[in-house]
Each structure stands twice: as structure tokens, then as C-alpha cells.
Amino acid sequence: MPVHRSGTARRGPIAAAGILLSSLALVLGFTGTSGAADTPERGSASLGMGVARHDGVGPLPRDTRTVQTEGVDTSSHNGNVAWATLWNSGVKWAYVKATEGTYYTNPYFAQQYNGSYNVGMIRGAYHFATPDTASGASQANYFVDHGGGWSRDGRTLPGALDIEWNPYGAACYGKSAAGMVAWIHDFLNQYRARTGRDAVIYTATSWWTQCTGDSAAFGGSNPLWIARYNTDPGTLPAGWDYQTMWQYTSSGPTVGDHSRFNGAYDRLQALANG
């Protein structure tokens, strides 16, 4: 997110260093816990906002010589996306932020969701969860009602639940591990009731371990989209033997967040078709 400065007074090296660190904190999504000035604006969260801060960034993935299909994810931070450029670079699928909580919709959703589809991509929508603001079922309904639905057209992926560090306060949104697991169940059950599909879960292993107690409750039904900016996906959360998708960097060309679907294009189509 952009950092704006004002004023022209000269500052000494210590003050200048402080300004630099504060600016870096904003860019990386560092937040306070009580509405401090460095807390992002509500609605500004996006996939992986806390991954680099909490898990760090390692070297890019090595060649695994397995068939994978390149994808991206977008939010309002990306504005109007050059989808043809991404398509021509080999990107074949996309997830677009639709909603956050029950209070925010992405103003660029139509351009991003329809634009990716129009160039030929398989695309889906994601919801940034804020478990401290409304129930899981309420947020699932809001998501479906504002772009997160699904249709068996072969080009629409099931919705994704982005459940990760809270950019606005306490990492686990003030919930116990049992309370977080119950909230996730509430969201997923309602999403399935509304769409007939099991939502994808996007998370990072370190957050999942901390905030759900490394629950194994969802591995049998919900595809895993794991976030880890390193050479491989690393240890997965309990319940999943493999990841369906892996977000491996936030520093890609054109659109920063790049992921790999764990399979060939026809398997991606199979996920879309249900």
C-alpha cells in the first residue's frame, strides 16, 4: 500500500531511520493491536498480507519437474489488471478478492473477475475472513451474495476462504483454537449449503498451527491453498497430505502474488467442474 509523506523540515539520521522503518512496516502490513496509526484501513487486507512478515521470504522455488499450472490472485491493490499480459506469460487461473467481513466489496471485482474469464482463464473469488466481526455463516452469505458464488461452467473455481493473520489486531482475532475451528466450520457449512461446493482454504501452516491448534478437521473435504514464500510448500497443516495450490511469491511480475496449481490444466478444469 502506498506510503504518503508531508512536510519539508530537515531531520537527523535517527529520525530519518525511524521514518524508513515505519514506511517499511506499512508496506509489509505490520500492524498495531489497538487501532494505532500503523493499522491498515479496514477492507485493505489481501491474500498473504502477513506471510512475509511472519514466515519470511526465501529463494524462489526450484524446478520440481512435476506438472503445475501457474495462477495469480488479485485485490483492489492491483487496480485494473492487464489480463492479456498475464495470459500470454503463461498464467491460466486467477482468484479475485470479492469481499471482507460483512462490510467490504472489492471495487475492482468486475474488471478482475470478468477480465480474467474473458482472456480464457479459469477463475474464482475469495473472501478475507475477519472472525471477530461477524459469524462464519453471515460472512459466507455476504461472500456468495457479492461475487463468491459458483456455477458448473468449467471456468469457475469454488470460492476460497482466506483465513490468516489479522492485519487489524490480534493474530487469532481473539478466538481460542476451538472457537476458530467452530467459526471456520460455520463458514464452510454455509458456503456449501449455498453453492453445493466445498470451499478452498487458503492459509499458512504457522498461522493454522497457532490459531486452530493444527486442526485436522478439514483435510478430507476442503482443498488446501498453502502460502509459503520459499523453495517448496514446506510442512502442511494437519489433515492434508498434499496442497492443491501453493502461493510461492508476492513479488511476481505484473501481479505480485503468484501460485502454482498442483497438477496439469485438465485437473484444474476438474476442480472447476466439481
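Leaving aside neighbours within four places in sequence, Glu70 is in contact with Gly90, Val91, Lys92, Trp93, Tyr248, His258, Ser259 and Arg260. The model in which these contacts occur is a predicted one. Glu70 has its place in strand E1, which spans residues 69-74, and with a relative accessibility of 19% it counts as buried, because the cut-off for that class is under 20%. Trp87 lies 17 residues from Glu70 along the chain, and the C-alpha atoms of Glu70 and Trp87 are separated by 9.8 Å.

Strand E1 also takes part in the surroundings of helix H4. The buried residues of H4, which covers residues 109-118, are Phe109, Gln112, Tyr113, Gly115 and Ser116. These buried residues of H4 pack against E1, against helix H3 (83-88), and against the strands E2 (93-100) and E4 (122-128). Just after H4 comes Gly120, with a positive phi of about 115°.

For H6 (residues 177-195) and H7 (residues 205-212), the angle is about 110° and the axes are 7 Å apart. H6 is therefore roughly perpendicular to H7, since angles of 65 to 115 degrees are counted in that class. On the H6 side the contact is made by Ala177, Met180, Val181 and Ile184, and on the H7 side by Trp207, Trp208, Cys211 and Thr212. Sorted by class, the contact of H6 with H7 has 7 nonpolar residues, 1 polar residue and no charged residues.

Which residues of H7 are buried? They are Thr205, Trp207, Trp208, Cys211 and Thr212. Because these residues cover an arc of only 160° around the axis, they are on the same side of H7. An α-helix has 3.6 residues a turn, so residues three or four places apart point the same way. The cover over the buried residues of H7 includes H6, strand E6 (200-203) and E7.

Most residues other than glycine have a negative phi, whereas Tyr173 and Asp214 each have a positive one. Tyr173 is found in the loop between strand E5 (160-162) and H6, while Asp214 lies in the loop between H7 and strand E7 (224-227). As for accessibility, Tyr173 is buried, but Asp214 is partly exposed. H7 is followed by Gly213, whose phi is also positive.

| Residue | Phi | Relative accessible area |
|---|---|---|
| Tyr173 | near 60° | 5% |
| Asp214 | about 60° | 28% |

For Gly213, the corresponding phi is near 70°.

These local features belong to a chain with 8 helices and 9 strands. Of its 274 residues, 50% count as buried. Among the contacts in the chain with a separation of 6 or more, residues 24 or more positions apart account for 68%. The accessible surface of the chain comes to about 11900 Å², and 51% of that surface belongs to carbon and sulfur atoms.

Definitions and conventions. Residues numbered from 1 in each chain as written. Predicted model: local features only at pLDDT ≥ 70, side-chain atom pairs only at ≥ 80, totals over all residues. Heavy atoms only, no water. Axes fitted to C-alpha atoms, helices over the stretch in contact; angles between N-to-C directions. Helix = DSSP H or I, 4+ residues; strand = E, 2+ residues; numbered from the N terminus. Parallel < 35°, antiparallel > 145°, perpendicular 65-115°, else oblique. Contact = heavy atoms within 4.5 Å. Nonpolar A, V, L, I, M, F, W, Y, C, P; charged D, E, K, R; others polar. Buried < 20%, exposed > 50% of the residue type's maximum accessible area, 1.4 Å probe, protein only. Areas by Shrake-Rupley, 256 points an atom, 1.4 Å probe, with all protein chains shown as cover. Arc of directions from axis to C-beta.
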